[in-house]
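Read the sequence alongside the coordinates while following this account. It moves from the sheet to the ring pairs, and then to the loops and a cavity.

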Amino acid sequence: MMKIYEKPTRKDPHKRPISPRKRRWLIITLVIVLAVGGILYSLADRYLIRHVQVVVADGNTATGNSHDSTSTSTTATEVNATSDDWNYSSDDMKVSIEKVQTGSGSDQITYYVADVQLTDASSLRTALADNSFGTNITENTSEIAAANNAIFAINGDYYGFRDDGVIIRNGTLYRDSPTRDALALFNDGTMKTYNENEISSSELLAEGATNTLSFGPILIQDGEIVSDFSSVKIDNNFGNRSIQDANPRTAIGMIAPNHYVFVVVDGRQDDSRGMTLAELADVMKGLGATEAYNLDGGGSSTMYFMGRVVNNPLGRNQERGVSDILYLTEGQDHDDTNSII
C-alpha cells in the first residue's frame, strides 16, 4: 500500500506569538471601546434619537404646514380682526405686546410683555412639535405656531427633554409621572400652580384642566411671590445649566380669569443679560399676576406674533427647536380638538 506524506508546514521565523501581556491589553481595549460605544449610544438614545409615542391629529393644523403669515392673516380676516406689529383685536381676544428695556451697559435687560384678554379660554391652546408626543421631537416655536394658525405663541415646557411630570395637553393625558411643582390651565379661564405629588391627574381633569405644564419653578402663588429660588432644581438631565443665574426666560401669568400675561426675556447677549428668577417674579407681580409660572428658558425662549418672531432668541435671531408651544388661535371648534392615531 502506498503511503501519502504531507509536507510539513513551514513556520514563519519572523512571526512572533502574541504575548499574554499584549493579549490582555487588547482585551482591555476592546472592553473600553464597547463600554464607551454603549454609553454614547445610550446618551444619543436619551437625548437625540426621536421616540414617537403618540401621533396627534389636530384639526387646527394648517394644511401643508405653511410657515408664513398667510394662514394667520386669512383667519384674522374671517373674524374681522384688526392688527398691527404689536396689537391684535377681535371679538374673541385682545393681544397687546410691549418691548421693555431696563438698566444700561452690562446690566441692561430687554424683555417682551404680552397682555392677553380672551372671551373664551378655548382660544388658549397647546401644540406639539410635529404633532407627535414623545422624546427628542422638536421644531422651532415659529414652525409649530404657523402650522397651527397661531396668532400668538410662546415656547412651552420642553416636556420632551424629560421623561417625568404630569402632561395633559388639550384635555388628553399623555404622561402621568408626578415629580415637581407644575401649572394647570382650566376651561373656565383660570390657572393654578400646584405640586404634582399632591393633586392627581384624574382630579385635575375632573376640575376641568385642559393643559398642564411641568417645568417651574412657581413664581407667584395665591398672589404672593414664592420667596426662595435658591434651591430650585428642575431635573437631573445631562447638560443642564444652573437656572438661578440671569438667563433668557419665558413665563406665563394670570391677572384674572381669561386675562393672561406672557413674558419672554432675552439674555446671554450684549443688550440683555437675562433675568434671575427673583427678578422675573418681581416683573410678573408688577404686571398684576396672581399666579405665575416659569417655563423653559435659555435658547428656547421665543415669542411669536402674526407670522414673525418678536424677540431675539440666542442673541442672533436663531430659534432653538422645542417640543411644544402655548398659542392663541381664532375660530376653532374645541369640542373634539384632538384624536390620537
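A residue is called buried under 20% relative accessible area, exposed over 50%, and partly exposed in between, with a 1.4 Å probe and protein chains only. At 38% relative accessibility, R268 therefore counts as partly exposed. This is a predicted model, in which local features need pLDDT of at least 70 and side-chain atom pairs count only at pLDDT 80 or more, while totals for chains, interfaces and linings use all residues. Residues are numbered from 1 along each chain as its sequence is written, and side-chain values use heavy atoms, with hydrogens and water left out.

Helices (H or I, at least four residues) and strands (E, at least two) are DSSP runs, numbered from the N terminus. Two strands pair if DSSP finds at least two bridges between them. Strands of a sheet pair through backbone hydrogen bonds, either parallel or antiparallel. Here, nine strands make an open sheet with antiparallel pairing, in the order β2-β3-β4-β5-β17-β16-β18-β14-β15. Its edges are β2 (82–83) and β15 (224–225), each of which pairs on one side only. Within the sheet, β16 (residues 249–256) runs antiparallel to β17 and is joined to it by seven bridges. In this pairing, I252 stands opposite F262 of β17.

A pair of aromatic rings is described by the distance of the centres and the angle of the planes. Rings of Phe, Tyr and Trp (its six-membered ring) pair if their centres lie within 6.5 Å; planes under 30 degrees apart count as stacked, over 60 as edge-to-face and the rest as tilted. The whole structure contains five aromatic pairs. One of them is the tilted pair of F152 and F262, with 5.2 Å from centre to centre and 55° between the planes. F152 belongs to strand β8 (residues 152–155) and F262 to strand β17 (residues 259–265), so this pair ties together parts that are 110 residues apart in sequence. F152 is buried, at 1% relative accessibility, and F262 is also buried, with a relative accessible area of 1%. The rings of Y158 and F161 are tilted too, because their centres are 6.0 Å apart and their planes meet at 55°. Y158 counts as buried at 18% relative accessibility, whereas F161, at 21%, counts as partly exposed. Ring pairs also link F133, Y159 and Y174 into a cluster.

Strand β6 (residues 124–128) shows burial along a whole element: five of its five residues are buried. In a regular strand the side chains alternate between the two faces of the sheet. On one side of β6 are L124, T126 and L128, on the other R125 and A127, and all are buried. β6 pairs with strand β21 (residues 324–328) in the antiparallel sense over five bridges, and I325 in β21 is the bridge partner of A127.

The loops hold some backbone exceptions. Most residues other than glycine have a negative phi, and most peptide bonds are trans. N149, in the loop between α3 (141–147) and β8, has a positive phi near 55°. N149 is buried, with a relative accessible area of 13%. N258 lies in the loop between β16 and β17 and has a positive phi of about 65°; N258 counts as buried at 14% relative accessibility. A cis peptide bond, with omega about 10°, joins G216 and P217. P217 sits in the loop between β13 (209–213) and β14 (218–221).

R268 and P313 are 45 residues apart in sequence and 9.5 Å apart in space, C-alpha to C-alpha. P313 also lines the second largest cavity, and the lining includes D266, G267 and Q269 as well. A cavity is a set of points, on a 1 Å grid over the protein atoms alone, where a 1.4 Å probe fits but cannot get out; lining residues have an atom within 4 Å of a point. The structure holds two cavities of 30 Å³ or more. Grid points are joined across faces, edges and corners, and a volume is the space filled by probe spheres set on the points. By that definition, the second largest cavity has about 30 Å³ of space.

Methods. 1 Å grid on protein atoms, 1.4 Å probe; cavity = no way out; pocket = protein on both sides within 12 Å on 5 of 7 lines; lining within 4 Å.
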